[in-house]
Amino acid sequence: MFFIIFYNIINFKKEYEILGKLVDTNTVPAPIELIEEFDNLYLIEEYIEGESLRSYPHKHSPYINQVSDSERMKKIHKEFEVELEIIIEGILSGISKLHEKQIALGDISPSNIIYNRDLKKINFVDLETAFSFEKDEVGNPDMLLTPGFSTMRYDKTIVEIELYKMGLVFMYLIEPYNAFF
């Protein structure tokens, strides 16, 4: 039990620090406060409005939600392609901003990406596995990862690994079969 609490305290402190470094990128929740109570540490951060990309394809992908009317299906496909382009550009732009600050997300998965359809905006959340390029040149291969959105290719650079993980997210948005990967 002590190890888990100690581990969480270290992770929350690191996450709070990283969120502070990234708040001006407008791609992560703003850190509000770290509260320590009775040997527990709580990270309070800004609430991000939107939908987790974990549920996105189930609700919006025309490949999953088939319609029998072919004209309506064409329209739905076109709308989906346009929105998918916005999401992909948002993810690529956001990751680029983080990398400019020498921060890698580590766990890139649909559950950790929020899309606000009204604002056409992407935010990254749950940065407990994020790390600094400056401090950790290769990251931690044993870090928490989401099955279907990771790689065992530690001979690659941080950027190459994160690009690969983004590719897995992009494929998931169309057809969520990442358990096969």
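These legends describe close-up views of a predicted model. Residues are numbered from 1 along each chain as its sequence is written, and side-chain values use heavy atoms, without hydrogens or water. In this predicted model, local features need pLDDT of at least 70 and side-chain atom pairs count only at pLDDT 80 or more, while totals for chains, interfaces and linings use all residues.

**View 1. The hairpin of β1 and β2.**
Strand β1 covers residues 31-37 and runs antiparallel to β2. Six bridges join the two strands. Strands here are DSSP runs of E with at least two residues, and helices are runs of H or I with at least four; both are numbered from the N terminus. Two strands pair if DSSP finds at least two bridges between them. Glu33 has Ile44 of β2 as its bridge partner. Two residues lie between the strands of the hairpin, where Phe38 takes a positive phi near 50 degrees.

**View 2. A nonpolar surface patch.**
Ile32, Tyr42 and Ile44 make a patch of about 270 Å². Patch residues have over 30% relative accessible area and no salt bridge; like charges are joined within 9 Å, nonpolar side chains (Val, Leu, Ile, Met, Phe, Trp, Tyr) within 5 Å. A salt bridge is a side-chain nitrogen of Lys or Arg within 4 Å of a carboxyl oxygen of Asp or Glu. Areas come from the Shrake-Rupley method with a 1.4 Å probe, and for residues only the protein chains shown count as cover. Tyr42 lies in β2, residues 40-45. Tyr42 counts as partly exposed because its relative accessibility is 41%. Buried means under 20% relative accessible area, exposed over 50%, and partly exposed in between (1.4 Å probe, protein chains only).

**View 3. An open sheet of three strands.**
The order is β3-β5-β6, with antiparallel pairing. At the edges stand β3 (51-52) and β6 (121-124), each pairing on one side only. Two bridges join β3 to β5, residues 113-116. Ser52 stands opposite Ile114 in β5.

Asn26 sits in the loop between α1 (2-22) and β1. Asn26 counts as exposed because its relative accessibility is 52%. Asp126 belongs to the loop between β6 and β7 (131-132). At 35% relative accessibility, Asp126 is partly exposed.
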